[in-house]
Amino acid sequence: VVSTSNRPPDALYEGGLNRSQFLPFINILTNQCEVISMDTNHDYRKDTIIPSSPHSYFYPSGSSATTKSLEEIFYQAASTKSKSESGDSARGAPESIPVMMGRTVEVRRANSKCGWFNFEELCSRPLGAADYISISKRFPVVIVENIPQLGGSYYNEARRFVTLIDTFYEA
């Protein structure tokens, strides 16, 4: 059994309503399994394939500054050409990515190294880990724009978003 968590076993379900019922499992877990701490000061989320762009997250969504930054990342991922040099690679084009069993994921804008998606395209449709794995194998850079503030009315979308992030992080 291999399991990962952002918390050590003793802190699992901390503050949970029925934590007392969960404590016996923690005892079994710590007694029966080897716990390996993978502490590191390196935040891999901040790594970037595009050296001139140290940012991973842009706010606010839809602002001209955010759009300009995302466009620059998209163009840089395509090639070493500047965005003023027009070309299909820099502008991008729609693409279908094969998944499995004849299914595909549609990308509205792609170039040689970057896929550009809207949150709804990835998380409001019935997609899952296999789809996200195919995307991560095809693109070393993925742009996901217009991510809403996720609340109770976005339960399924939030679940898919967590799967998407975990899959991309693993890749």
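Predicted model: local features only at pLDDT ≥ 70, side-chain atom pairs only at ≥ 80, totals over all residues.

Visitor: What does Arg 160 touch, leaving out residues up to four places away in sequence?
Guide: The list includes Leu 122, Cys 123, Pro 126 and Tyr 132. Take Cys 123: it is 37 residues from Arg 160 along the chain, yet their C-alpha atoms are separated by 5.4 Å.

Visitor: How many of the protein's residues are buried, as a percentage?
Guide: Buried residues make up 29% of the 171.

Visitor: What makes a group of residues a nonpolar core?
Guide: They must be buried, come from a set of residue types that includes Val, Phe and Cys, and be joined through side-chain atoms within 4.5 Å. The largest such core here has 15 residues, and among those with the most contacts inside it are Val 107, Phe 117, Cys 123 and Phe 139. At least two of its residues come from each of β2, α4, α5 and α6. Apart from it lies another core, of eight residues, including Ile 73 and Cys 114.

Visitor: Which residues does Val 107 contact beyond its neighbours within four places in sequence?
Guide: Among them are Ala 93, Ile 97, Trp 116, Phe 117 and Phe 139.

Visitor: How do you know that α2 has the span expected of a helix?
Guide: Helix α2 runs over residues 64-78, which is 15 residues. At 1.5 Å a residue, 21 Å is expected, and α2 reaches 21 Å from its first C-alpha to its last. Its buried residues include Leu 70, Ile 73, Phe 74 and Ala 77.

Visitor: Now the strands. What makes β1 and β2 a pair?
Guide: Pairing takes at least two bridges. β1 and β2 have five, in the antiparallel sense, so they qualify. Pro 98, for instance, stands opposite Thr 104 in β2. The two strands form a hairpin with five residues between them, and Met 101 in the turn has a positive phi of about 50°.

Visitor: How do you know that β2 and β3 pair?
Guide: They share two bridges, so they meet the requirement of at least two. This pairing is antiparallel as well. Arg 109 stands opposite Trp 116 in β3, and Ala 110 has Gly 115 as its bridge partner there. A hairpin of three residues joins β2 to β3.

Visitor: Why are β1 and β4 called edge strands?
Guide: The open sheet has four strands, in the order β1-β2-β3-β4, with mixed pairing. β1 and β4 each pair on one side only. Neighbouring strands are turned by 40° against each other on average, direction ignored. Helix α5 packs on this sheet and touches β1, β2, β3 and β4.

Technical notes
Residues numbered from 1 in each chain as written. Heavy atoms only, no water. Buried < 20%, exposed > 50% of the residue type's maximum accessible area, 1.4 Å probe, protein only. Contact = heavy atoms within 4.5 Å. Expected span 1.5 Å × (residues − 1). Axes fitted to C-alpha atoms, helices over the stretch in contact; angles between N-to-C directions.
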